[in-house]
Amino acid sequence: MTTHEITSPEELRDLLGAPTGRALAKERRTLHQRDREWLAASPFCLVATADADGRCDVSPKGDPPGFTLVLDDTTIAIPERPGNRRADGYRNILANPHVGLIFLIPGRTDTLRINGRARLLRDAPWFAAMEVKGHRPVLAVEVAVEQIFYHCAKAFLRSELWQPETWQPDALPPRPRLIKEVEAPAESLADLERHYGPDYAKKLYV
């Protein structure tokens, strides 16, 4: 079979067709009250970034519902908690402020998408509003909204993502064994099992 690469916007449009009027018209630049309610209910988002050369990264962010703070009709902020300190996405933001965000609500098959320009803040008057279990965020990503819209349900329906009967969490080994096989063969499995054991969840904010 011959490989046929798409190399032009015109060829892509010929293949996919033109977007509908609703798909084009749904883009907005300011938060609607329903957007605020969505963010208040969402415990999870994906943050997409790219460096100055276009190399991309996507990082998951999660906290109790409402962890994304709405500062005004065109500005939101996402807290950073203690993590692995790679900071791939944050280094990208320093080189290229454009970000793409997808906010999920468990069980819903539509998503809220926000694109904008980000900056990193180590402190701000509203950091106290982002405390969880007495811990302020390590830093925050403040995003100036440039584009916001709701994304349809088709991907979630096709994947049956929220259908428990389709879940297969045991399709791969548990995380400690996976880490030993793929990332840290020199570490003992017992040490990795202790690290990712019951106490792991107790260290989410410290």
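**Exercise 1.** Determine whether Cys56 is buried or exposed, and where the closest cysteine sulfur lies.

*Solution.* Cys56 has a relative accessibility of 67%. Buried means under 20% relative accessible area, exposed over 50%, and partly exposed in between (1.4 Å probe, protein chains only). Cys56 therefore counts as exposed. The closest cysteine sulfur belongs to Cys45, 17 Å from that of Cys56, which is too far for a bond; a disulfide is a pair of cysteine sulfur atoms within 2.5 Å. For Cys152, also in no disulfide, the nearest cysteine sulfur is again that of Cys45, 20 Å away. Cys152 is partly exposed, at 41% relative accessible area. Across the whole structure the search finds 0 disulfides.

The model is predicted: local features need pLDDT of at least 70, side-chain atom pairs count only at pLDDT 80 or more, and totals for chains, interfaces and linings use all residues. Residues are numbered from 1 along each chain as its sequence is written, and side-chain values use heavy atoms, with hydrogens and water left out.

**Exercise 2.** Classify the ring pairs Trp126 with Phe127 and Phe156 with Trp162.

*Solution.* Rings of Phe, Tyr and Trp (its six-membered ring) pair if their centres lie within 6.5 Å; planes under 30 degrees apart count as stacked, over 60 as edge-to-face and the rest as tilted. The count by this rule is 4 aromatic pairs. In the pair of Trp126 and Phe127, the centres are 5.3 Å apart and the planes stand at 40 degrees, so the pair is tilted. Trp126 is buried at 16% relative accessibility, and Phe127 is buried at 1%. For Phe156 and Trp162, a centre distance of 6.1 Å and a plane angle of 15 degrees make the pair stacked. Here Phe156 is buried at 14%, whereas Trp162 is partly exposed at 26%.

**Exercise 3.** State which residues lie closest to the centre of the largest pocket, and which element gives the most to its lining.

*Solution.* A pocket is an open set of points on a 1 Å grid over the protein atoms alone, where a 1.4 Å probe fits, with protein on both sides within 12 Å along at least five of seven lines; lining residues have an atom within 4 Å of a point. The largest pocket holds about 1200 Å³ of space. Of its 35 lining residues, Glu80, Arg81, Pro82, Gly83 and Asn84 are the closest to the centre. β2 gives the most to this lining, with 6 residues.

Technical notes: Points joined across faces, edges and corners; volume = space filled by probe spheres on them. Helix = DSSP H or I, 4+ residues; strand = E, 2+ residues; numbered from the N terminus.
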